[in-house]
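Here are some worked exercises on helix packing, core residues and backbone angles. Try each task with the model open beside you, then walk through the solution.

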Amino acid sequence: MKTLAYGLYGLNDSVQRMVRNLLPAALLLGRLYVAWVFFKAGLTKIDDWGTTLFLFEEEYSVPLLHPEVAAFLATFGELVFPVLLVFGLFSLVSSAGLFVINIVAVISLEVIAPAAELYHIVWGLILMAVAMCGPGLFSLDKMISARLRRA
């Protein structure tokens, strides 16, 4: 029985090491995916600013902010934070910023379709992983950090 337990835990450890080696690629793919989603949303907002303002005035109920300010901040965040996230630059700030935008988007809608809610949960989890794990090996943050340590 002990041999079986040792064998299973040994196998588990081996698989964990392999999966851990995939973490940098997983973080990069997560960053790219979430950045693409939010950047597209920002482009949609600037494509028709009049409609964006209308939606923030009539459809979205962003707490504590005037609709025009909320529209500007959301658009700014959806265009700037994804670019930073792609490069892995200031990744804690960019992932936390997009996490806040994501939460505000969900609470600002009176009714949200279950499928849309699920997407927001997935995006939030990816952003939380980047915020907690860092951007990974393939990032400017990692490169800059390594150079600062050598200097």
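**Exercise 1.** Find how helix 2 and helix 3 are oriented to each other, and which residues meet.

*Solution.* Start with the axes, which are lines fitted to C-alpha atoms, for helices over the stretch in contact, with angles running from 0 to 180 degrees between N-to-C directions. The axes of helix 2 and helix 3 cross at roughly 120 degrees and come within 8 Å. Helices here are DSSP runs (H or I, at least four residues; strands are E, at least two), numbered from the N terminus. Next, classify the angle: under 35 degrees counts as roughly parallel, over 145 as roughly antiparallel, 65 to 115 as roughly perpendicular and the rest as oblique. Helix 2 and helix 3 are therefore oblique to each other.

Then look at the handedness. A crossing is left-handed if the near helix is turned anticlockwise from the far one by less than a right angle, and right-handed if clockwise; that of helix 2 and helix 3 is right-handed. Finally, list the contacts (heavy atoms within 4.5 Å). Helix 2 contributes W49, T52, L53, F56 and E57, which meet P67, E68, A70, A71, F72, A74 and T75 of helix 3. By class, this contact has eight nonpolar, two polar and two charged residues. In this scheme Ala, Val, Leu, Ile, Met, Phe, Trp, Tyr, Cys and Pro count as nonpolar, Asp, Glu, Lys and Arg as charged, and the others, Gly among them, as polar.

Before you go on, a word on the model: it is predicted, local features need pLDDT of at least 70, and side-chain atom pairs count only at pLDDT 80 or more, while totals for chains, interfaces and linings use all residues. Residues are numbered from 1 along each chain as its sequence is written, and side-chain values use heavy atoms, leaving out hydrogens and water.

**Exercise 2.** Describe the packing of helix 4 and helix 5.

*Solution.* Their axes come within 9 Å and cross at roughly 160 degrees. Helix 4 and helix 5 are therefore roughly antiparallel, and the crossing is left-handed. Among the residues in contact are L98, F99 and N102 of helix 4, and W123, L127 and M128 of helix 5. The contact is made up of ten nonpolar, five polar and no charged residues.

**Exercise 3.** Which residues of the largest nonpolar core touch the most other members?

*Solution.* A nonpolar core is a set of buried Ala, Val, Leu, Ile, Met, Phe, Trp, Tyr and Cys residues joined through side-chain atoms within 4.5 Å. The largest one has 13 residues, and V34, F38, L85, L98 and L127 touch the most other members. Helices 1, 3, 4 and 5 each supply at least two residues, and helix 1 gives the largest share, five residues. L98 touches V34, F38, G77, F81, P82, L85 and L127, not counting residues up to four places away in sequence. A second, separate core has six residues, including L53, A70, A71 and A74.

**Exercise 4.** Where do L64 and F90 lie, and are they buried or exposed?

*Solution.* Most residues other than glycine have a negative phi. L64 has a positive phi, near 70 degrees, and is found in the loop between helix 2 and helix 3. With a relative accessible area of 90%, L64 is exposed. F90 also has a positive phi, about 50 degrees, and lies in the loop between helix 3 and helix 4. F90 counts as exposed at 52% relative accessibility.

Terms used: Buried < 20%, exposed > 50% of the residue type's maximum accessible area, 1.4 Å probe, protein only.
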